[in-house]
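This briefing is for a reader meeting the structure for the first time. Please look over the sequence and the model before going on to the points that follow.

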Amino acid sequence: MKELKLMKGNEAIAEAAIRAGADAYFGYPITPQSEILEYLMLERPHERTGMIVLQAESEVAAINMVYGGAACGRKVITSSSSPGISLKQEGISYMAGSELPCLVVNVVRGGPGLGTIQPSQSDYFQAVKGGGHGDYRLLVLAPQSVQEMADFVGLGFDLAFKYRNPVMILTDGALGQMMEKVWFDEQKPRQTVFPSWATTGKSTDRERNIITSLNLDSLKQEKHNQKIQDKYKKMKENEVRFEKIECDNAEYLFIAYGTSARICQKSVQLARERGIKAGLLRPITLFPFPEKAVLELANLVKGMLAVEMSTGQMVEDVKLAVKGKVKVEHFGRMGGVIPSPDEILIALENLIKKIS
Amino acid sequence: MTKRISADDIVKEENLVYKKTSLLTKNVMHYCPGCGHGTLHRLIAEVIEEMNIQSETIGITPVGCSVLMYNYLDIDMQGAAHGRAPALATAVKRLMPGKYVFTYQGDGDLAAIGTAETIHACNRGENFTIFFINNGIYGMTGGQMAPTTLPEMRSSTSPYGRDVKMMGNPLNITELVARLPGTYYVTRQAVHTPANVRKAKKAIRQAFESQKLNKGLSLVEILSNCNSGWKMSPLQANKWMVENMFPFYPIGDIKLEGKLLDKE
Amino acid sequence: MTEEIIIAGFGGQGVLSMGKILAYSGIMQEQEVSWMPSYGPEMRGGTANVTVILSDERISSPIINKFDTAIILNQQSMDKFENSVKPGGMLIYDGNGISRHPERKDINIYRVDAAEEAAKMESARTFNMIVLGGYLKIKPLVKLENVIRGLAESLPERHHSLIPVNEKAILRGMDIIKPVQEL
């Protein structure tokens with residue numbers, strides 16, 4: 001039986017983590033995502049499922065607790081917001097190198113630095129291009145509703161274990177703080193059988209398991225790099241997710257994810273009321289990016305407007321994908337300012353003027 | 001007159017009086033001759049073997065000379081980022097409370113970059129063991145000044161000796177964490193003489209045994225020379241350690257059964 | 001039907017919880033709802049606002065800058081949101097502490113003096129329910145029984161004894177709201 005609740009996006013992530021059978025959450029408070037840790041502490045998941053929740057001394061400690069738990073083959077989740085995610089990059093890089101599955105939630109706020117606590121999408125580069133040191137990628141999911149905040153927790157764990165790679169849910173303060181209806185799946189049991197690579201204690205019937213990202217031999221390291229690059233290739237083949245809204249007869253296309261995609265849906269309505277045939281392509285996976293879908297639409301539309309709450313980060317991936325076939329521009333607000341549906345429409349009208 | 005035996009005969013099973021512990025792998029250790037790491041690895045392996053807990057033990061390695069410890073011990077191990085081993089161990093032990101969990105960390109790892117993780121794991125009373133090997137220097141990176149480097153001691157980043165006015169004082173982190181309510185057993189030992197090796201092994205055993213009680217963190221500090229980093233022969237280095245390190249970092253138990261021993 | 005509402009006032013006036021009860025009420029009658037708060041330091045005693053959308057269809061943007069209804073509970077919010085009401089839309093305000101009354105000619109304006117009434121009822125904490133009652137009198141989008149069910153959902157069980165006094169406050173609000181300007 002599914003269960004209906006009215007919840008903040010942050011709370012939905014926390015509840016979904018319990019229901020997905022997560023083994024542990026480690027985190028550190030930071031606005032605008034502290035409700036995740038608060039909800040978990042209030043819910044006593046240890047009594048519901050045996051799930052462990054611990055408030056760490058720092059984001060650095062929290063991500064390394066995630067490393068320790070993930071290395072035992074457990075389903076472990078952590079969350080933070082931009083400045084805290086920067087601190088976690090060391091651990092995320094180590095986990096990508098050690099091929100450990102885990103779920104990292106970034107409820108983005110405006111930066112750089114301490115910035116603002118208001119919503120932003122300025123951590124796109126950090127999320128999809130690696131983030132920490134070394135050649136690696138995260139699989140990045142971008143929810144646009146409280147329902148997807150919940151749904152992507154279970155999906156994120158599945159993908160993390162499928163590829164033995166950290167998965168990031170890239171969301172923002174608006175989705176974290178807003179309440180919407182959310183349907184929850186039934187409680188999944190926590191796993192009782194762990195992957196063969198996990199450090200659960202060396203039994204006599206197997207070799208010892210070692211989890212490390214260290215390969216002092218360069219040729220060995222290069223081989224390892226090749227192996228993880230092959231995983232990213234497989235992700236590109238199998239895991240691209242996106243949604244097309246009013247794209248069938250569209251002449252102009254918005255490309256936006258997360259909160260911006262929600263606002264653009266209103267802009268599409270407003271545009272169509274004025275006789276502009278606008279559509280929206282919403283990437284759901286930011287890595288792998290829906291390059292093919294963007295290219296296909298580039299052959300059909302007259303112009304594209306990437307809408308992001310940043311100075312323009314995803315727009316670079318859009319431009320790479322369209323291979324110069326169509327004009328691509330960026331519109332965005334920064335520093336925690338959320339663009340309104342009608343200012344996005346004005347930006348589209350300006351683009352149309354330039355093209356015609 | 002005793003019978004002379006050849007080099008080939010000496011390694012025959014019937015002639016062996018002392019052998020490699022089965023929990024040590026066949027990999028050749030990379031440690032410098034005279035360094036304490038090899039001895040401490042062996043002691044930990046012996047204790048795990050004697051307690052018959054190979055399948056119950058998870059070790060966490062640091063960044064430092066012992067970063068490759070997992071090559072030498074035949075148990076499941078995780079390699080941590082620099083200083084973060086207590087965070088990993090916190091998760092491992094909480095997720096598998098029935099297992100024996102230990103970290104193995106040098107002074108740079110534990111007392112500089114990992115100070116926060118060390119202090120908070122100790123203060124939360126996490127139920128695992130920290131083996132803390134202290135040689136007063138960063139060995140792996142080539143002998144730089146460590147948080148535990150003594151006043152006036154030379155290193156590659158204190159070439160004229162540690163000037164405490166400029167570079168700060170050595171950090172006696174073991175005495176510091178012993179004062180936290182979360183630590184249950186805290187001791188300092190050395191492995192430079194057979195008698196010290198025996199005492200160190202007892203301490204290691206006691207630390208593992210105390211995990212059964214679930215009463216808090218156990219920390220065993222082992223003072224070691226770093227003859228390469230100190231630019232001395234192994235024997236000179238041990239002598240220097242006894243004369244200079246021991247007065248600053250006295251050997252012996254500091255906290256037993258959750259109670260500080262009053263040394264005054 | 002889609003109703004886009006902003007409720008704005010001081011932190012501590014129950015702005016956010018009033019929005020929450022409205023959202024819960026919408027759920028009780030199987031509508032789509034969204035509740036988007038302003039968040040951050042301004043919530044601690046400063047101004048607070050929340051955007052609530054009730055709709056029979058999937059809600060596109062939870063973040064909007066034009067509203068069908070603005071419920072305004074202090075002067076700062078009046079200055080900020082009066083011009084955000086769609087032409088033909090509705091503005092409800094509490095006159096308490098208002099030095100500059102609404103001036104728009106193209107919207108419906110109502111006044112509900114809830115602060116004064118709550119003081120009379122000796123129940124300051126039901127202030128927001130009096131306002132809600134006033135709103136529901138003019139726009140009966142959600143049925144009273146669904147509001148009560150919504151209240152029960154949003155209140156922790158230990159506070160369920162407070163439901164009757166809140167219901168009374170809603171009814172009182174329905175009585176005291178009065179038109180200032182009707183188109």
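In chain A, the C-alpha centres of domain 1 and domain 2 lie 26 Å apart. The model is a predicted one.

**Domains of chain A**

- Domain 1 of chain A covers 3-187 + 225-238, and domain 2 of chain A covers 242-355.
- Where the two meet, 28 residues of domain 1 of chain A and 22 residues of domain 2 of chain A take part in the contact.
- On the domain 1 side, at least two residues each come from helix 6 (124-128), strand 6 (139-141), strand 7 (166-172), helix 8 (173-177) and helix 9 (218-238) of chain A.
- Helix 6 of chain A gives the most to this side of domain 1, with four residues.
- Sorted by class, the side of domain 1 of chain A that touches domain 2 of chain A holds 15 nonpolar, nine polar and four charged residues.

**Contact between chains A and C**

- Chain C brings 18 residues into contact with 19 residues of chain A.
- Helix 1 (15-28) and strand 2 (32-37) of chain C each supply at least two residues of the side of chain C that touches chain A.
- The largest share of that side, six residues, comes from strand 2 of chain C.
- By class, the side of chain C that touches chain A consists of eleven nonpolar, five polar and two charged residues.
- Strand 2 of chain C is also joined by two bridges to strand 8 (residues 179-184) of chain A, and these two strands run antiparallel.
- E180(A) has S34(C), in strand 2 of chain C, as its bridge partner.

**Helices 5 and 6 of chain C**

- Two packed helices are described by the angle between their axes and the distance between the axes.
- For helix 5 (residues 144-154) and helix 6 (residues 163-176) of chain C, the axes come within 11 Å and cross at roughly 140 degrees.
- Helix 5 and helix 6 of chain C are therefore oblique to each other, as an angle has to be over 145 degrees to count as roughly antiparallel.
- The crossing of helix 5 and helix 6 of chain C is right-handed.
- Helix 5 of chain C brings L144(C), V147(C), I148(C), L151(C) and A152(C) to the meeting, and helix 6 of chain C brings I163(C), N166(C), E167(C) and I170(C).
- The residues of this contact between helix 5 and helix 6 of chain C divide into seven nonpolar, one polar and one charged.

Methods:
Residues are numbered from 1 along each chain as its sequence is written. Chains are lettered from A and ligands numbered from 1 in the order in which they are written. This is a predicted model: local features need pLDDT of at least 70, side-chain atom pairs count only at pLDDT 80 or more; totals for chains, interfaces and linings use all residues. Two residues are in contact if their C-beta atoms, placed from the backbone, lie within 7 Å. Ala, Val, Leu, Ile, Met, Phe, Trp, Tyr, Cys and Pro count as nonpolar, Asp, Glu, Lys and Arg as charged, and the others, Gly among them, as polar. Two strands pair if DSSP finds at least two bridges between them. Axes are lines fitted to C-alpha atoms, for helices over the stretch in contact, and angles run from 0 to 180 degrees between N-to-C directions. Angles under 35 degrees count as roughly parallel, over 145 as roughly antiparallel, 65 to 115 as roughly perpendicular and the rest as oblique. A crossing is left-handed if the near helix is turned anticlockwise from the far one by less than a right angle, and right-handed if clockwise. Domain bounds come from an automatic or database domain assignment.
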